[in-house]
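Reader: I have a protein model open and would like to learn to read it. Could we go through it in short questions?

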Amino acid sequence: SLSSLPASARTRLLSELSERRAEQLLHDWGFWARPQQLTPPGDWRTWLILAGRGFGKTRAGAEWVRGLVEGPSPLAAGQCRRVALVAQTAADGRDVMVEGESGILAISRTDRRPLYEPSKRRLTWPSGAIATLYNASEPDQLRGPQHDAAWADELAKWPRARDAWDNLQFGLRLGQAPRAVVTTTPRPTSVLRDLVAESGTVVTRGSTFDNATNLAPAFLDAVTSKYGGTRIGRQELHGELLVDLPGALWRRVRIDQLRRDGAPSHARMVVAVDPAASSGEQSAETGIIVAGRGIDGHGYVLEDVSLRAGPDAWGRAAVTAYHRWRADRIIAEVNNGGDMVGHVIHTVDPTAAFKAVRASRGKVARAEPVAALYEQGRVHHVGGFPELEDQMCVFTTEPNAMGASPDRVDALVWALSELMLGTAATPRIWSA
C-alpha cells in the first residue's frame with residue numbers, strides 16, 4: 001500500500017497523480033482512516049465511539065454521515081435521505097459537526113459538498129439528501145421528525161440527555177435499518193451506561209494517543225504531564241468510562257433519581273461564587289452556581305455558569321446570572337480574595353445585593369451536610385450539569401484525591417448552605 005512505501009516513493013507517486021485522482025484520494029476515507037474509525041460490521045443499531053479527546057471522533061462521525069448520503073455520483077442517491085445531527089447546543093452543531101475542521105463541509109468533495117442553510121438548520125446534498133441540526137438542550141425539537149440515520153455528538157455532555165436521546169430514538173424509524181453513531185468522550189451518565197449495555201450497541205474505544213501522529217507534540221506533552229495517571233486523564237485522554245469514586249459524598253445514581261425537568265416557584269434564589277485565586281490558562285475555575293429554595297422547601301440547582309477567566313469576566317458572569325434569575329443576592333467565599341471579591345461584583349453592578357462568606361471549616365466539613373440533603377431527597381438538579389456532577393461524584397473525604405480544586409462543588413455547597421441550612425460559614429452583608 002501507499003502508506004507502507006518510503007517517504008520519497010510516496011512523494012513521487014503523489015506528485016504524479018492528476019488533480020482529479022488526487023482529490024479522489026484525499027476524500028477516500030477508507031485509505032486514511034484508522035481501523036477504529038471505520039464503520040463496524042454486523043447488525044447493530046447504535047455505533048458508540050467512546051474515546052478520549054483528539055482521537056478523531058468528529059471525523060469518524062462526519063465521514064459516516066457522508067458515506068450514507070453520497071451515491072456513486074454527485075446526483076445519485078445514497079443509502080439515507082433524512083439524517084439528524086444532534087449536538088449539546090446549536091453552536092456546537094454548527095461549529096463542530098458542520099463547519100469544524102473535521103466537520104461535514106470540510107471533508108466533502110467540491111462536487112458533492114452540501115448546501116448549508118444556518119437559518120433552517122439544514123444541509124442539503126446535490127443528491128437531495130437532507131441533514132437537520134438539533135439542539136439537545138431542547139429535546140422537543142426531536143419530537144415528531146423522522147430520520148433514517150443520526151449522528152449524536154458528545155452525548156455524555158447533553159444536559160437533558162435522557163429526553164433528547166429517547167425522542168431521537170422514537171424518530172429513527174425510516175428505511176429498512178435506521179442507525180445512529182454516537183461520538184463522545186465518556187462520562188458515567190445513566191444514558192451512556194444504559195447505551196453501553198444495550199444488545200444493539202457496538203462500542204469502539206480509543207484514546208487520545210491513538211491519533212498521536214496528527215496531534216501537536218506540545219499538546220501531548222502538556223496533557224501527559226498534567227493529567228497522566230489522574231482520574232480525569234483516564235476519562236478525558238484514555239476514554240475510560242469510570243464509575244463513581246469509592247467514598248464519594250455524592251452518588252450519580254442518586255443525583256439521577258432526584259433530577260427534575262422543572263422547579264416550583266421559589267421562595268429564595270442565590271448565585272454562589274467560589275472565586276479562583278488566580279487567573280490565566282493554568283488557573284483553577286471560578287465556580288458559579290445558581291440555586292433556589294422552592295415553596296416546597298426543597299433545593300433546586302438551576303444553572304452552572306462556572307468558567308476559567310479573570311475577575312472582570314467571572315464578575316460579569318455572576319451579575320448576569322443574578323439578573324437573569326432575579327436572584328436575592330450573590331454570595332461568595334472571600335477567604336482568598338478578601339474584599340476584592342465584593343469590589344469585583346460592585347464594579348460590574350453597584351446595586352447588586354452581595355453577601356461575603358468566610359470559611360471557618362474545611363471543604364469536607366462544609367460539604368457533608370449538603371451531601372446529606374441529597375440523601376434525604378431534598379435537592380434536585382433541574383436538567384443536567386455534567387462538569388459539576390463529575391466533581392461531585394469524585395469528591396471524597398480526601399478531596400485532594402480528585403486531582404483538582406472542586407470549584408463548582410464549593411459554589412454548590414455555599415449556595416445550598418445559604419438556602420437550606422442557614423449556615424453559610426461566617427457571613428457579613430457587603431456595603432458598597
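Reader: How many charged residues does the lining of the second largest pocket have?

Author: This is a predicted model: local features need pLDDT of at least 70, side-chain atom pairs count only at pLDDT 80 or more, and totals for chains, interfaces and linings use all residues. Residues are numbered from 1 along each chain as its sequence is written, and side-chain values use heavy atoms, with hydrogens and water left out. Ala, Val, Leu, Ile, Met, Phe, Trp, Tyr, Cys and Pro count as nonpolar, Asp, Glu, Lys and Arg as charged, and the others, Gly among them, as polar. By these classes the lining of the second largest pocket has seven nonpolar, three polar and, for the class you asked about, eleven charged residues.

Reader: Which residues lie nearest the centre of the second largest pocket?

Author: On a 1 Å grid over the protein atoms alone, a pocket is an open set of points with protein on both sides within 12 Å along at least five of seven lines; a cavity is a set where a 1.4 Å probe fits but cannot get out; lining residues have an atom within 4 Å of a point. Helices supplying at least two lining residues each include α7 (161-171) and α11 (252-258); helices are DSSP runs (H or I, at least four residues), and strands are runs of E, at least two. Of the 21 lining residues, those nearest the centre are P159, A161, R162, D256 and R259.

Reader: What is the volume of the largest cavity?

Author: A search of the whole structure finds one cavity of 30 Å³ or more. Its lining includes E70, R112 and W125. Grid points are joined across faces, edges and corners, and a volume is the space filled by probe spheres set on the points. For the largest cavity, that space is about 30 Å³.

Reader: At what angle do α12 and α13 pack?

Author: Contact means heavy atoms within 4.5 Å. Axes are lines fitted to C-alpha atoms over the stretch in contact, and angles run from 0 to 180 degrees between N-to-C directions. The axes of α12 (residues 311-324) and α13 (residues 340-348) are 9 Å apart, and the angle is about 65°.

Reader: Is R326 buried or exposed?

Author: R326 sits in the loop between α12 and β12 (329-333). Its phi is positive, about 55°, although it is not a glycine. Buried means under 20% relative accessible area, exposed over 50%, partly exposed in between (1.4 Å probe, protein chains only). R326 has 76% relative accessibility, so it counts as exposed.
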